[in-house]
Amino acid sequence: MNVIEEIKAKLQKYPHAQYEADGNSIRVLPTSDDGFTVSLITNRNTYTVSFDGWHEDFHDKEEALNCFVFGLSTGCRLKEFRRGRFTYKWIVEAKESGRWVEYSETGLLVFPFWMKETVRYLQNDLISGEREEAKPDI
C-alpha cells in the first residue's frame, strides 16, 4: 500500500474529514475557517508536506507521515503573515509545556511590503490532543 492509500485508510476514522486525492497526492481540507489545508505529494525520492503555503521535503516516509498527521492535530498551529490580502510568510508552531514554540518558516521573497502587515493564527482540530512524540522533525 502506498502512502496515499495509507492516509486514506486512516482518514476513515474521521468521517467528517474532507479530502481530495489522486495517485501521488492528498489534500485534507480544513474543518473550519480558522483551519488550514494539509497536503502530501509523493515525488520520485521525496515526500513534500504542505500546510497552506508552508512546505517541507522529507526523504523518510514515516517522518513525512508524522508531519502530515501533526498538521491535522490541535498540537500544531500555523502563524500566517499578510500584507494587505497577500499572504507571504508561514511559521509552523508546536505546543510545548503549554506554550507555542516556532519550529519552521517558509516565506516569499517578493511581496507588497508597503501594505499593512497582519498576523493570523490557524489551527486544525481533526485530531485532538497534544502528543509530544507526534511533533515532526522540521
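Reader: Four strands form an open sheet; in what order do they stand?
Author: This is a predicted model, in which local features need pLDDT of at least 70, side-chain atom pairs count only at pLDDT 80 or more, and totals for chains, interfaces and linings use all residues. Residues are numbered from 1 along each chain as its sequence is written, and side-chain values use heavy atoms, leaving out hydrogens and water. Strands (E, at least two residues) and helices (H or I, at least four) are DSSP runs numbered from the N terminus, and two strands pair if DSSP finds at least two bridges between them. The pairing in this sheet is antiparallel, and the order is 8-7-6-9.

Reader: Why is one side of strand 8 and of strand 9 left without a neighbour in the sheet?
Author: Strand 8 (99-107) and strand 9 (117-122) stand at the edges of the sheet. One side of each is left without a neighbour because each has a single partner strand.

Reader: What is the average twist from one strand to the next?
Author: Angles run from 0 to 180 degrees between N-to-C directions, and axes are lines fitted to C-alpha atoms, for helices over the stretch in contact. From one strand to the next, the twist averages 25°.

Reader: How many of the eight residues of strand 6 are buried?
Author: Buried means under 20% relative accessible area, exposed over 50%, and partly exposed in between, with a 1.4 Å probe and protein chains only. Strand 6 is largely enclosed by the rest of the structure, because its buried residues number seven of the eight.

Reader: An open sheet has five strands; what is their order?
Author: Its pairing is antiparallel. The order of the five strands is 1-2-3-4-5.

Reader: Which are the edge strands of this sheet?
Author: An edge strand here pairs on one side only. The two are strand 1 (19-21) and strand 5.

Reader: Which residue in strand 4 stands opposite Leu40?
Author: Strand 3 and strand 4 run antiparallel and are joined by five bridges. Leu40 of strand 3 also stands opposite Ile26. In strand 4, the residue opposite Leu40 is Val49.

Reader: At about what angle does helix 1 run to strand 2?
Author: Contact means heavy atoms within 4.5 Å. Helix 1 lies across strand 1, strand 2, strand 3 and strand 4. Its angle to strand 2 is about 30°.

Reader: With the direction of which strand does helix 2 make about 10°?
Author: Helix 2 packs on the sheet and touches strand 2, strand 3, strand 4 and strand 5. The angle of about 10° is made with the direction of strand 4.

Reader: How far apart are the axes of helix 1 and helix 2?
Author: In the contact, Val3, Glu6 and Ile7 of helix 1 meet Lys61, Leu65 and Phe68 of helix 2. The helices pack at an angle of about 35°. The separation of their axes is 12 Å.

Reader: Is Asn66 buried or partly exposed?
Author: Asn66 lies in helix 2. Its relative accessibility is 40%, so Asn66 counts as partly exposed.
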